[in-house]
Amino acid sequence: MIVQLAIIFIFIVTYCDGFNYNVKSMKDETDVLGRCRYRDHTTLYPADEIWRYVTGYSCYNYTNPSRLNHVLPGRITSLRNYTIHYVVLNGTNIAFDFESQYYLDLIRLLFRNDRYFNFWLDCSKSAVECCDEYLNSTNIFPTETHACPALWDGWDCWPPARAGETLRRVCPKYSAEDFVCRLESEKYCLENDWDHHTNYEICLSAPIYRRRHQFHVLVLIVSSALTTPAVLIFFTLMRNHKDLRHSLYRNLLISILLKNILTIISKEVIILDYLRDTNSSAKVMVTNSVWCRILSFFNSLTTVSVFTCMFVIAYYLHSTIARVFGKHLSLFMAYVITTACTLVPSLAWAIAMGIGEMENCWVIDTIGFHWITDVYKFAVLIANLILLLDIVRVICFQRSSSKLNPKQTKAAAKAILVLIPLFGIPILLTSQSGLINQESCLSGDIYYYTAYSVEALQGILVALLFCYLNKEVHGEFQNKYRKLIIRLNNRFNMDLKVPSQARATTMTNVRSSGFNH
């Protein structure tokens, strides 16, 4: 009996030692081979090509279809007893291993451009970095304090979490088309494991851009509605006024109106059409037809023409105020300068875009060619500011020399205020988006809503100050009304009271304030 008990005791001790050895061996094997956890898979993957295959495919599978040339279904195969996915393109098998140049060349064919391909590459490299530098044998298993282990969810790396806890992580750069502001994704830890769904919808920049562009379209519609009557007035009531002043004001209003209309069409047909459903590949921006690029060119052309018209007006008014005896601008030269200064930067931009950026209807500049027109527009605003300051200098000098009486001084100050929107100075104040906090979505919204409002207000203020509130325009209306009353009295023998004839005055500018040279 004693001998039998001794044999049983020896067997138990030997079995337990062997069990402990097997557990230790399994743990050591996990540390070496299976320390990368993917989503809710029960399988732990080794940190080698198996992990690259698994996560590389997930980065492709979760890519927005609009970024892809080919949306191919995944096919399953087995490698070293691990299930991996691959796709087939034109009879060629493609495994998602970014360390293989052979596969990289094939994977590039799946994406629309290098930018989207690099998004996939960044995602795949982030998965490897997550496995190599963060996931380990201690945090990839649930614990008493953390029900949800660390893992790679197919798009980002998540740390362990407690039951009922919602974690937030800064959205990876490859999750959105571009960086709009600091956005954070969310993942919820259930009682025993992670929620299968990670909320990456928060990372989408499309809703933010959509709200901003819709606001821009709205204010431009209001601006166009209030500017159009002024343009019609210049073409009807003021058509007999052939002086340069009227032509410059009229051309500026026409440029603003055309720019507004083309911007509205461009944003509605191209940009907002895409932002309403970024998953569709049948959008105008994605198809990138010739006509949409032509639309973008004329939109850029009219925008540049607005700045050119502002500069020509600023130069003309400066020459009539600060350079009394200088050579003044002729109407012919005004048209030559406007045409040349508008076409040169616009055509240079179009040629550069045609050579280097043949996608997205030219409304998204991923290379940076927008500086061609931006530098010109910024130079115009700086030049106009210098001309305005010189006009102020002349007025202040004449005030100190007592050449202006108080009434004239007050009128001249009002005229300077009138010149501020005409010279585009408010646009200069909102031209530097880099000064705002790029991380804050609220700061970005405030900046863009302000910039779009200032842009829309320019046309409204020019129409208001130089047309609707202008005494000369009022005089033309009164004269037209007077002629109509006279015609009715003569034709129908009516006895309507004929108003007195309006006295011709000068169009609103500095000279209308008695500041003559």
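C148 and C189 pair up as a disulfide (cysteine sulfur atoms within 2.5 Å of each other), with 1.9 Å between their sulfur atoms. The two cysteines come from distant parts of the chain, 41 residues apart: C148 sits in the loop between α4 and β6 (151-152), and C189 in strand β9 (residues 184-189). Helices here are DSSP runs of H or I with at least four residues, strands are runs of E with at least two, and both are numbered from the N terminus. The link of C148 and C189 is right-handed, with 95° about the S-S bond. Both C148 and C189 are buried, where buried stands for under 20% relative accessible area, exposed for over 50%, and partly exposed for anything in between (1.4 Å probe, protein chains only). The model is a predicted one, in which local features need pLDDT of at least 70 and side-chain atom pairs count only at pLDDT 80 or more, while totals for chains, interfaces and linings use all residues. Residues are numbered from 1 along each chain as its sequence is written, and side-chain values use heavy atoms, with hydrogens and water left out.

C59 belongs to helix α2 (residues 49-61) and C123 to helix α4 (residues 114-133), so to speak two distant parts of the chain, 64 residues apart. C59 and C123 are both buried. Another disulfide is formed by C171 and C203, their sulfur atoms 1.9 Å apart. Here the link is left-handed, at -80° about the S-S bond. C171 is in the loop between β8 (166-170) and β9, while C203 is in the loop between β10 (194-199) and α5 (206-236), so the pair ties together parts 32 residues apart in sequence. Both C171 and C203 are buried.

Of its 517 residues, 47% count as buried. Contacts (heavy atoms within 4.5 Å) can also be sorted by separation along the chain. Among those with a separation of 6 or more, 66% are between residues 24 or more positions apart. The protein exposes about 27200 Å², and carbon and sulfur atoms supply 61% of that area. Accessible areas follow the Shrake-Rupley method with a 1.4 Å probe, and for residues only the protein chains shown count as cover.

Salt bridges are next, meaning a side-chain nitrogen of Lys or Arg within 4 Å of a carboxyl oxygen of Asp or Glu. There are 14 in the whole structure. In one of them, the side chains of R52 and D97 meet at 2.6 Å, N to O. R52 lies in helix α2 and D97 in the loop between β5 (92-94) and α3 (101-108), so this pair ties together parts 45 residues apart in sequence. R52 is buried, with a relative accessible area of 14%, and D97 is buried too, at 6%. K259 and E455 form another salt bridge, at 2.8 Å from N to O. This pair links distant parts of the chain, with K259 in helix α6 and E455 in helix α13, 196 residues apart. K259 counts as buried at 4% relative accessibility. D114 and R108 also form a salt bridge, with their closest N and O atoms 2.4 Å apart. D114 is partly exposed at 46% relative accessibility, and so is R108 at 23%. Elsewhere, D48, E49 and R80 are linked in a network of salt bridges.

Helix α14 (residues 471-492) has 22 residues and reaches 31 Å from its first C-alpha to its last, close to the 32 Å expected at 1.5 Å a residue; the expected span is 1.5 Å times one less than the number of residues. Its buried residues are E472, V473, G475, E476, N479, I485 and N489, and they pack against α5, α6 (244-275) and α13 (441-468). Helix α9 (residues 331-356) contains L347, which is partly exposed, with a relative accessible area of 40%. L347 forms a nonpolar surface patch with L343, I351 and I355, and together they have about 390 Å² of accessible area. Such patches take residues with over 30% relative accessible area and no salt bridge, joining like charges within 9 Å and nonpolar side chains (Val, Leu, Ile, Met, Phe, Trp, Tyr) within 5 Å.
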